[in-house]
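Here is a short briefing for a reader new to this structure. Keep the view open while going through the points.

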Amino acid sequence: MTPDIPPITPVPRAAVIVVAAGSGTRLGGGSPKAFVGIDEHTILRHALRGVFAAPEAQVVIVAPEGREGDALTEALESAGARRDLVSVVRGGASRQASVQAGLRGVWPDVDIVLVHDAARALTPPEVFERVIRAIDDGADGAIPVLPVVDTIKRVDAGEIVAAVDRSQLSAAQTPQGFRRHVLDAAYRAARQEFTDDAALVAEAGHPVAAVAGDDLAFKITTPADLDRARGLVVPIAPRQASLEHAPALPRVGLGTDVHAFGGDGALWLAGLEWPGEPALSGHSDGDAVAHAIVDALLSAAGLGDIGTHFGTDRPEYAAAHAEAFLARTLALLGEAGWRIGNVSVQVQANRPRFSARRAEAEAALSAALGGASVTVSATTTDGLGFTGSGEGVAAFAVALLVPA
Ligand code: CTP
Ligand code: MG
């Protein structure tokens, strides 16, 4: 009988680039704006709810440097069955540079690209639908707009110099959608900063259509905007362990790591301290066994790798031992709906000699992973290679995850 394997998802024809890499200077929320809470969930998390309720699309999130892992975690929490459509890239110094970084992450077969401000966190999915429909109907580009309700004056040096006919004016919102080749070419041609993507595309000579915007698509810019959002927000329901959202099949992951001898202090390997043995060098304690396991687990879950979550810009992990890395990894897996089936890791090294402490190492690693089965084997390489010459240690791990 043929096993019941879900079909491989075809590449969607649209992508949404969610720009979330701004610092939020005007909001002054203490962290990058996308990570400021509206309720118990962040601006980014609320923005992604609208994105994932809209027609299916690849989703490229553009995150501030150092927050890529957090963005990926939030995305996988809200993506449900669309988790394989999500990726995170690092943003740039301006919004335009961030959109450009996002564009580089759009898959080749995608032919409609929407650019959306994470700061427009409450944008309803219907706005995405209207923009996509306008492009399907033939427009090169389409943006949501709202009529301007205030009476508008031109002011110069504190004096009203003219009234402006507001019937001709509209306020532009996002998502702004474009044919992919039009947006790509306009970005390649851009020689200055524009305030939005529509202006950049218009400069490249393309007409841009207007569709109806929505009051809820306002941009959270100032503390007053955040208060407004707090008054309007609909709470995100806790995630139900539903069949539809549960990852369908077990997944395996592979991780390897290498560290050289030459560190300070004691050797830490496989979660144990090894008195009298030479230390390994590296960020944190150089525990290649633990780091290989982290990579295997994150890879199996599609959560990036150790650099995504424990990069050298995270000082709290600079001196951390295996337990801290593994505990955080276990939490990330849980949030994404996975539990560990088992982990198998092999150490290649002349020393330390593992045989006497194998059970102890397995127990330490297993405890740090919430009691999951961890087996450790060790081997030498007959004097060959860098492990054979005693320069360092290599570790190879495979992990199996099963839906929680
Ligand atoms: N943005 C970005 N990369 C930047 C600047 C802005 O991805 N270098 C994103 C923001 O995260 C936001 C959207 O562009 O979702 C609109 O920008 P804005 O509201 O100006 O946000 P910030 O730049 O973060 O805020 P401020 O200008 O007050 O610092
Ligand atoms: Mg800004």
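Helix H1 passes helix H2 in a right-handed crossing. The model is a predicted one.

**Helix H1 against helix H2**

- H1 covers residues 43-53 and H2 covers residues 68-79.
- Their axes lie 9 Å apart and meet at an angle of about 40 degrees. That angle makes H1 oblique to H2.
- From H1, the contact takes in Leu-44, Arg-45, Leu-48 and Phe-52. From H2 come Ala-71, Glu-74, Ala-75, Glu-77, Ser-78 and Ala-79.
- By class, this contact of H1 with H2 holds six nonpolar residues, one polar residue and three charged ones.

**Helix H3 against helix H5**

- H3 spans residues 95-104, and H5 spans residues 180-189.
- The two pack at an angle of about 130 degrees, and 11 Å separates their axes. H3 and H5 are therefore oblique to each other.
- The crossing of H3 and H5 is left-handed.
- Which residues of H3 meet H5? They are Gln-96, Val-99, Gln-100 and Leu-103. Their partners in H5 are Leu-183, Asp-184 and Tyr-187.
- The contact of H3 with H5 has four nonpolar residues, two polar ones and one charged one.

**Helix H11 and its buried face**

- H11 runs over residues 358-368. Its buried residues are Ala-361, Glu-362, Leu-365, Ser-366 and Ala-368.
- Seen down the axis of H11, these buried residues fall within an arc of 160 degrees, so they line one face of the helix.
- In general, an α-helix has 3.6 residues a turn, so residues three or four places apart point the same way.
- Turned away from the buried side of H11 is a face with the exposed residues Ala-359 and Ala-367.
- After H11 comes Gly-370, with a positive phi near 70 degrees.

- The bond from Thr-174 to Pro-175 is cis, and its omega is near 10 degrees. Pro-175 sits in the loop between strand S8 (170-172) and strand S9 (176-179).
- The bond from Arg-351 to Pro-352 is also cis, with omega near 0 degrees. Pro-352 has its place in the loop between strand S14 (338-348) and H11.

- Ala-270 is not a glycine, yet its phi is positive, near 55 degrees. Look for Ala-270 in the loop between strand S12 (267-269) and S13.
- Is Ala-270 buried or exposed? Ala-270 counts as buried, because its relative accessibility is 0%.
- Asp-382 also has a positive phi, of about 60 degrees, without being a glycine. Asp-382 lies in the loop between S15 and helix H12 (385-388).
- Asp-382 is exposed, because its relative accessible area is 71%, and the cut-off for exposed is over 50%.

Definitions and conventions
Residues numbered from 1 in each chain as written. Chains lettered and ligands numbered in written order. Predicted model: local features only at pLDDT ≥ 70, side-chain atom pairs only at ≥ 80, totals over all residues. Heavy atoms only, no water. Axes fitted to C-alpha atoms, helices over the stretch in contact; angles between N-to-C directions. Helix = DSSP H or I, 4+ residues; strand = E, 2+ residues; numbered from the N terminus. Parallel < 35°, antiparallel > 145°, perpendicular 65-115°, else oblique. Left-handed = near helix turned anticlockwise from the far one by under 90°. Contact = heavy atoms within 4.5 Å. Nonpolar A, V, L, I, M, F, W, Y, C, P; charged D, E, K, R; others polar. Buried < 20%, exposed > 50% of the residue type's maximum accessible area, 1.4 Å probe, protein only. Arc of directions from axis to C-beta.
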